[in-house]
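Have the structure open as you read.

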Amino acid sequence: MTGRFIVIEGPDGTGKTTQAKRLADALAGAGQRVIQVREPGGCPSAERIRVLLVEGEPGDLLNWTEALLMNAARHELVERVIRPALEAGQWVICDRYYHSTLAYQGGGLGLDQSKLEALIEMATGGLEPDLLLAFALTPEDALTRARERDDEEKRFEAREDSYHARVRHAYADVLNAAAERGETAEIDASGSVEDVAERVKRAVAKQFQDAF
Ligand code: TMP
């Protein structure tokens, strides 16, 4: 028995985390066995790695250290949580996946794409989502929402605007390429939480007729 692996991707401030929870609740309400995880993090070992990544100042880590730690956290999450859950027939909702590495460390930091792909292959063992929900919002709205967040996790938000612009462009390329390879639904992330939740539900129901 194999479960379903749904990934939510998109720049900071597009509401992914709120919608991941909404989707997990909706699926659970329809009687599905579902777990919700996030990257970097999602299990105790990966959450410890997350702290190194998201707290502190932009210059604290070398670029490849950042990419290696992201993928160390990913490996812990995939092998300890996601793969076993899928093998047990569960639905897995994951807030970000390797597309974020290609956008942030590839596009944002300019690290070599093919080396990153090799790293991702090591971290994931080639595990691909069954559905990728690509969240889209205007750059201004996304950055405003992200910077309004009141928490300790400022290392990424603190980077300069040109970095965020590079990430955004890379995201568009990465998500377009993903759409050519597998199942991707672009989600308009503007409007109310309710509106976006409804769009997400429709995309999931279209892909998996037995979802709700
Ligand atoms: P979050 O705020 O969505 O939980 O993610 C924390 C930050 O980590 C976010 O700014 C994006 C960044 N990130 C990467 O740079 N590369 C990755 O591979 C992942 C998963 C996240």
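## Helix 3 and helix 4

Helix 3 and helix 4 run roughly antiparallel, because their angle is over 145 degrees. Their axes (lines fitted to C-alpha atoms over the stretch in contact, with angles from 0 to 180 degrees between N-to-C directions) cross at roughly 175° and come within 11 Å. Helices here are DSSP runs of H or I, at least four residues, numbered from the N terminus.

Where do they touch? Glu66, Ala67, Met70, Asn71 and Arg74 in helix 3 meet Tyr98, Thr101 and Gln105 in helix 4, with contact meaning heavy atoms within 4.5 Å.

This is a predicted model: local features need pLDDT of at least 70, side-chain atom pairs need 80 or more, and totals for chains, interfaces and linings use all residues. Residues are numbered from 1 along each chain as its sequence is written, and side-chain values use heavy atoms, leaving out hydrogens and water.

## Helix 4 and helix 5

Helix 4 (residues 98-108) also pairs up with helix 5 (residues 113-124): their axes come within 10 Å and cross at roughly 150°. These two are therefore roughly antiparallel as well. On the helix 4 side, the contact includes Tyr98, Leu102 and Gly106, and on the helix 5 side it includes Leu116 and Ile120.

The largest cavity has a volume of about 120 Å³. On a 1 Å grid over the protein atoms alone, a cavity is a set of points where a 1.4 Å probe fits but cannot get out, and lining residues have an atom within 4 Å of a point. The volume is the space filled by probe spheres set on the points, which are joined across faces, edges and corners.

Helix 6 (139-148) and helix 7 (161-181) each supply at least two lining residues. Among the residues lining this cavity are Tyr104, Leu143, His164 and Tyr171.

Definitions and conventions. Parallel < 35°, antiparallel > 145°, perpendicular 65-115°, else oblique. 1 Å grid on protein atoms, 1.4 Å probe; cavity = no way out; pocket = protein on both sides within 12 Å on 5 of 7 lines; lining within 4 Å.
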